[in-house]
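Hi everyone, thanks for making time today. I'd like to walk you through one protein model, going from the whole chain down to a few residues.

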Amino acid sequence: MKQIVIFSENDGWHEQQLAAAFAAGGARARILSLAECCFDSEQSPAGLCIPGCAETLPDAAFVRAIAAGTFEEVTFRLDLLHALHASGVVVYNDARSIERTVDKAMTSFLLGQRRVPTPPVWVYASAATAHAVIRTQLDNGHAVVQKPLFGNCGRGLQLIDCRDYQLDAELINGVYYLQRFIDQADRNGRDWRVFVINQRAVAAMERVSEHWITNRARGGECRPAQLTPELRNLAESAAQATGIRYGGVDMIRDRQGKLLVLEVNSVPAWRGLQSVCAAHIAELLARDVLGKISPATSSNPTPGSAWPGR
């Protein structure tokens, strides 16, 4: 039986959905924190110690969450993922993909390299230069959003739409990531999240909020959305540019109707999406992971597909 580790910091809805989907595919999944793992060349011939894997490493590791921490703690957790990948374990998403997308500056750079349309972005370590950019944008009629370089779920976002502003230094941590605000006239929020598996778009939802931040964690409402060719193509281009195998691609339309990629999330939640779409997200994810362990049985995920016999 294939052995799967789900790396997470809790045993919640997503973890239970994944564990059940892996079980339905004939594999056994265990939920572990990366903090429980270690490097130990004396205890393990592989040099890696993963609880529950005394003789061998797991067949695959699904990264559901990486806990925040000091620079050293986060580096150690990513080192473990790099080492698992180097040892032949399927790591989903792998550390390189996560490093590229958890860092908004690198995500923006990679999207720009591949000509994926995004709002203009500026990233500086210089406070004076960052403030000069903000003033220029305001003078030209554009508001700006300051985002933490590392952040998720809409936390720490700051809209700068007038000259009487103050940036929260605690959120900046020495790096100013500025993205042009896409004004949708009424300042309400409306965007799309497209879910990608095996670099193919499989489902979409619209997120709507009375506030300009649309994340479900911040009160945004999830609504069904048709996965149009436009949404599909842009999401898949963003996935290819950043190298993620699965993830959530957030998009918005400007006043001219042009679709832009706001962010790419390589460790996304999907409970809101699952509530408004027919595709069984956890099942599609498990199928793709198991297909990468056994290439002969691999198949591209199809929305609504099921395991044999279910």
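I'll begin with the overall picture, then turn to a set of strands, and finish with a residue in a loop.

First, a word of context: what you see is a predicted model.

How does the radius of gyration fit a compact globule? For 310 residues, such a globule would come out near 19 Å, and this protein has 20 Å, so the two agree.

Now for the contacts. Counting pairs of residues at least 6 apart in sequence, 65% of the contacts join residues at least 24 apart. As for burial, 49% of the 310 residues are buried. The accessible surface amounts to about 14,600 Å², with 48% of that belonging to carbon and sulfur atoms.

Let's zoom in on strand β12, residues 200-209. Is this strand mostly covered or mostly open? It is mostly covered, with nine of its 10 residues buried.

Strand β12 has a partner in β11, residues 189-197: the two run antiparallel and are joined by nine bridges. Within that pairing, Arg193 stands opposite Met205 of β12. The two strands form a hairpin with two residues between them, and there Asn198 takes a positive phi, near 55°.

Strand β12 also pairs with β13, residues 221-224. Here four bridges join the strands, and again they run antiparallel. If you want a pair to look for on screen, Val208 stands opposite Glu221 in β13.

Last stop: Gln43. You'll find Gln43 in the loop between β3, at 38-39, and β4, at 48-49. Why do we call Gln43 exposed? The cut-off for that label is over 50% relative accessible area, and Gln43 is exposed because its value is 61%.

One more distance while we're on this residue. Gln43 and Ala68 are 25 residues apart along the chain, and their C-alpha atoms are separated by 27 Å.

How values were computed: Residues numbered from 1 in each chain as written. Predicted model: local features only at pLDDT ≥ 70, side-chain atom pairs only at ≥ 80, totals over all residues. Heavy atoms only, no water. Rg over C-alpha atoms; globule rule 2.2 N^0.38 Å. Buried < 20%, exposed > 50% of the residue type's maximum accessible area, 1.4 Å probe, protein only. Contact = heavy atoms within 4.5 Å. Areas by Shrake-Rupley, 256 points an atom, 1.4 Å probe, with all protein chains shown as cover. Pairing = 2+ DSSP bridges.
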